[in-house]
Amino acid sequence: MIKRVGTTYIPVSNPETASNWYQEILGAVENFRNEDKAIMDFADQSFFLVKAKPGERLGFEDIHGNLHFSMTFEVDGFEELSALHTFLKGKGVEVGEVEDRGHAGNNFVFYDLDGNLFDVWSELSPKFKNAR
């Protein structure tokens, strides 16, 4: 019955500052903003950047005590993954190294201004791959 994820909520310390970062760094489009939230569109989804209590972040600790991302963005191939990795580093974004995790494609992680951890994968999901 569920067709897609429509909205993701991301905790931020300042919706205006976060919105500007998401627009500049990730190409998001701001649709609405007030002092409590900014509504962004990018990656075929709506993201609410919600003003949260200090220290709130996306992610969780895995069984080994490592911070784990809760979301993976997809790009179309290794060249796009490498280009995004280089772009983010050039913008001063904290990024991890490109990794081979033993499955199809490669990945890397990055953090937004508020320390929210995201993953990027070099493969498109079948629905998007077939839509090219």
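Predicted model: local features only at pLDDT ≥ 70, side-chain atom pairs only at ≥ 80, totals over all residues.
Before you start: residues count from 1 along each chain as its sequence is written. Local features need pLDDT of at least 70, side-chain atom pairs count only at pLDDT 80 or more, totals for chains, interfaces and linings use all residues, and side-chain values use heavy atoms, with hydrogens and water left out.

**Exercise 1: the overall fold**

Task: work out how many helices and strands the protein has, and which pattern they follow.

Solution: 
- Start with the DSSP runs, numbered from the N terminus: helices are H or I with at least four residues, strands are E with at least two.
- That gives three helices and nine strands.
- Walking along the sequence, you get β-α-β-β-β-β-β-β-α-β-β-α.
- Next, the radius of gyration, taken over C-alpha atoms, goes up against the globule rule, 2.2 Å times the number of residues to the power 0.38.
- The protein comes out at 15 Å, close to the 14 Å the rule gives for 132 residues, so it is as compact as a globular protein of that length.
- Along the principal axes, the C-alpha atoms fill a box of roughly 40 × 35 × 35 Å.

**Exercise 2: the open sheet**

Task: find the order of the three strands in the open sheet, and what lies across S8 and S9.

Solution: 
- The order is S7-S9-S8, with mixed pairing.
- S7 (72-74) and S8 (107-111) are the edge strands, each pairing on one side only.
- The twist from one strand to the next averages 30°; axes are lines fitted to C-alpha atoms (for helices, over the stretch in contact), and angles run from 0 to 180 degrees between N-to-C directions.
- S7 and S9 (residues 117-121) run parallel and are joined by three bridges. Thr72, for instance, has Asp119 in S9 as its bridge partner.
- Helix H2 (residues 78-90) lies across S8 and S9, at about 25° to S8.

**Exercise 3: Asn107**

Task: decide whether Asn107 is buried or exposed, and which residues it is in contact with.

Solution: 
- Locate Asn107 in strand S8.
- Its relative accessible area is 2%, so Asn107 is buried (under 20%; exposed is over 50%, partly exposed in between, with a 1.4 Å probe and protein chains only).
- Leave aside neighbours within four places in sequence: its contacts (heavy atoms within 4.5 Å) include Leu81, Glu97, Asp119 and Trp121.
- Finally, a polar atom of the Asn107 side chain lies 3.5 Å from the backbone oxygen of Val120.

Key. Pairing = 2+ DSSP bridges. Polar contact = N/O pair within 3.5 Å; in protein donor to acceptor, adjacent residues only side chain to side chain.
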